[in-house]
Amino acid sequence: MLQAEQLIERVRAYQPTVDGSLIQRAYDYSFKMHAGQTRKSGQPYVVHPVSVAGIIADLRLDAASVCAGLLHDVVEDTLATTDDITKEFGGEVAELVDGVTKLSKINFTSKEDRQAENFRKMVVAMARDIRVLIVKLCDRLDNMRTLEHMKPEAQERIARETLEIYAPLANRLGIQSFKSELEDLGFKYLEPEAYQDLVSQMHSTKKERDRYITDVCKTLSSRLASQNFAAEVYGRAKHLYSVHRKMRAQQTGLEAVHDLIAFRVVVESVSDCYATLGVIHSQWTPVPGRFKDYIALPKPNMYQSLHTTVIGPGRERIEIQIRTHEMHRVAERGIAAHWKYKERGGGGVADQDAQRFSWLRQLLEWQKELKDPAEFLEGVKVDLFQDEVYVFTPKGDVRVFPRGATPIDFAYQIHSQLGDHVTGARINGKMEPLRYKLRNGDVVEVLASPHQQPNKDWLDFAGTTRARSKIRNYLRQEQRDKGKRLGEELFEKELRKASISTSKLLKNEGEMRRVYEALKVQNLEELFVGIGYGKIDPEEVVKIVAPPDEEGRESRPPEQLREGRIAGLVRKVVKRDEGAIRINGIDDVLVRYAKCCNPLPGDDILGFITRGRGVTIHRRGCPKAFDTDPERRVEIQWDSGARINRSVQLRVVTANQPGILANVGQTFMAQGINISEANCRAGDDGRAVNLFSFVCGDLVQLKNVMKALQKVKGVVAVERA
């Protein structure tokens, strides 16, 4: 186990002015508070926090982070409190310990909203101080290294968390060494058989692979030296999880995996990187399409290198990464490599480097915008843990998106208003639809129209959380507005029937307060929306304002709420429309009938609230009815006294023979039906398909004419179109 003096010296090597006494006191306090506690392995518990502090020191973080590593479990596992830590070590260390303590309680594999709510807390803590996440990653790495002592179910849970959450976060922070080790350890416990099989296969070819690596390194080093480049050349097999993922994606065995070996060339300057690339390509043939320039276009996590794949000795594909010493430092330590120490203790990331972590600010924005915690966590996994696509604006600015993003995502990243009105996109000068998937290097120009609005279909191909969130918010508000308008209309109709003045009731604060309290709503808008969605019967409002008398008959409304004399006379003169639809017992509903299925009285029907048109009526089996938003569907029924004439269509398949149409027409006439339109088409199979449109009163009449048609000689089939 690392001793306090060794830990202090390790920190002093990169921060000479460090307060060694602070680390010594944290070391001693951790020993004291964890005294008597043991790990599952049987070791003293304090071995774990000391190991975590050592990993933090290897990342070259400040003294406060090292102390937080030593103390990260004392609040959770001992009698110590955050106040105690503040008194002993100051507010900075206490805040880091408190942040890590909260993260330690998160179980990412639970299916409950609690999981996502805890992730929100993690995001807030990360945004406030990124060191919280780095310390937590060091804690997770040490726990994964000693996971063999846990029970199998705990191993699986922790390994899944590691692969799904912590390894991608390490990647986002740019700490490649953490990412690779966490992935391999997660793979080891999550798929033990596949892991052991791959280890065995890799071991059996190790000698041959090591010999190959040595030969290539010698060849490359001597070639670069002859060109006067000061270069360090390394070679290694790719880490296990990376190889496993490639085998799974290609559905193949290890022997068929190309570029299994990766080489790294570290040189002095950026110009040397590009010159080295030329030397390599003159030595070995490059594989087309496998060159990536992450120096000119760095990854969001600050990673920079040139990547090329070439056909090396023995016709083997090999991947070569070319970078400077500074780039190599950043690739291994990520954000920790950019830590700037302040004179009076503490530290932070330089402003220009902090801008690279815009994804963290985005997370913070999303957790404020998205009310549904499950939706938030889903969005995080989509946006945070995917490969990136780099595209350009027409001005040449680089924009980064998750793979699978579309012009809709591009538009919403530029501005919400542009996203709401986007109509299409010009990609590399060519018009493309909104569902086009962006590719690396695309130049994207979005087109917009003030008349365009988001629609539900956009959710099928919007790839980013920001875009999906904005679209959902718009659709929810639009749906709410429709419900409110319908509710207001139904509210006014019900009051008119009871001779209650709408304006007088709304001005009477006392009466409206009674209505709100009785119906458990906060305000008038909620009342209208509730009525519009069918959750509140407007008749209940009348019962509250003008309760029935003891015999159950409706009483007259109070004098101060009655309609004026003129309005009452008008109501007596105006004849009530003969209603056809009742929604939750309410008649006189503003309705329209869907043309896709042309419902008739007698059909089993379903209602759907639509903007400015009241309720649209579908037959229950209509496919378009199932596509509607469930929250806007309302249960409806035909009024028993419904008397309406609706246009319907029948598809009549007949034999293609003389006189058949005359017989069919005669049958319609015998049923008292006048055909308004006919479309007849003869096929090559000796049959004719005929579409007849006509006006019908109800389902009974329609069934009668269908039965009559089926009896006509030469008619093969009759069905409703």
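Predicted model: local features only at pLDDT ≥ 70, side-chain atom pairs only at ≥ 80, totals over all residues.

Trainee: OK, how many helices and strands does the protein chain have?

Mentor: The count is 30 helices and 23 strands. The chain has 721 residues, and 48% of them count as buried. Looking at contacts with a separation of 6 or more, 66% come from residues 24 or more positions apart.

Trainee: And what pLDDT does the chain average?

Mentor: The average is 81, and 82% of the residues score at least 70. One stretch with pLDDT below 50 is residues 341-354, although the model gives that stretch 29 contacts beyond near neighbours in sequence. Another is residues 565-579, where pLDDT stays under 50 and the model has 13 contacts beyond four places in sequence.

Trainee: Which residues make the contact?

Mentor: On the α2 side you have Leu 22, Ile 23, Ala 26, Tyr 27, Tyr 29 and Ser 30. From α4 come Ala 63, Val 66, Cys 67, Leu 70 and Leu 71. By type, the contact of α2 with α4 has 10 nonpolar residues, 1 polar and no charged.

Trainee: What about α11 and α14, how do they pack?

Mentor: Helix α11 (residues 176-190) and helix α14 (residues 240-250) pack at an angle of about 65°, with axes 7 Å apart. Lys 179, Glu 183, Asp 184 and Phe 187 of α11 meet Leu 240, Tyr 241, His 244 and Arg 245 of α14. That contact divides into 3 nonpolar, 1 polar and 4 charged residues.

Trainee: Switching to strands. How many residues of β2 are buried?

Mentor: In strand β2 (residues 261-267), 7 of its 7 residues are buried. Both faces are covered: one side carries Ile 261, Phe 263, Val 265 and Val 267, and the other has Ala 262, Arg 264 and Val 266.

Trainee: Why do the residues split into two sets like that?

Mentor: Because in a regular strand the side chains alternate between the two faces of the sheet.

Trainee: Which strands does β2 pair with, and in what sense?

Mentor: Strand β1 (residues 232-237) is joined to β2 by 6 bridges, and the two run antiparallel. Within that pairing, Ala 237 stands opposite Ile 261. With strand β6 (residues 317-324), β2 pairs in the parallel sense, over 6 bridges. There, Val 265 has Ile 322 of β6 as its bridge partner.

Trainee: Now the sheet with β20 in it. What's the strand order?

Mentor: That's an open sheet of 4 strands in the order β21-β22-β20-β23, with antiparallel pairing. Its edge strands are β21 (675-682) and β23 (715-720), each pairing on one side only. Ignoring direction, neighbouring strands of this sheet are turned by 20° against each other on average.

Trainee: Which helices go with it?

Mentor: Helix α29 (residues 660-670) packs on the sheet, touching β20, β21, β22 (687-696) and β23, and its direction makes about 20° with that of β22. Helix α30 (residues 699-710) lies across β20, β22 and β23 and runs at about 165° to β23.

Trainee: How many bridges join β20 to β23?

Mentor: There are 5, with β20 (residues 646-655) and β23 running antiparallel. Arg 651 stands opposite Glu 719 of β23.

Trainee: I also marked Gln 649. What does that residue touch?

Mentor: Gln 649 sits in strand β20. Leaving out residues up to four places away in sequence, Gln 649 touches Leu 691, Phe 692, Ser 693, Glu 719, Arg 720 and Ala 721. Gln 649 and Arg 720 are 71 residues apart in sequence, but 6.2 Å apart in space, C-alpha to C-alpha. Gln 649 is partly exposed, with a relative accessible area of 29%.

Trainee: Last one: is Glu 511 buried or exposed?

Mentor: Buried: Glu 511 has a relative accessible area of 13%, so it falls under the 20% cut-off. Glu 511 belongs to helix α24 (residues 509-519). Beyond four places in sequence, Glu 511 touches Leu 505, Val 545 and Leu 561.

Conventions:
Residues numbered from 1 in each chain as written. Heavy atoms only, no water. Buried < 20%, exposed > 50% of the residue type's maximum accessible area, 1.4 Å probe, protein only. Contact = heavy atoms within 4.5 Å. Nonpolar A, V, L, I, M, F, W, Y, C, P; charged D, E, K, R; others polar. Axes fitted to C-alpha atoms, helices over the stretch in contact; angles between N-to-C directions. Pairing = 2+ DSSP bridges. pLDDT = per-residue confidence, 0-100.
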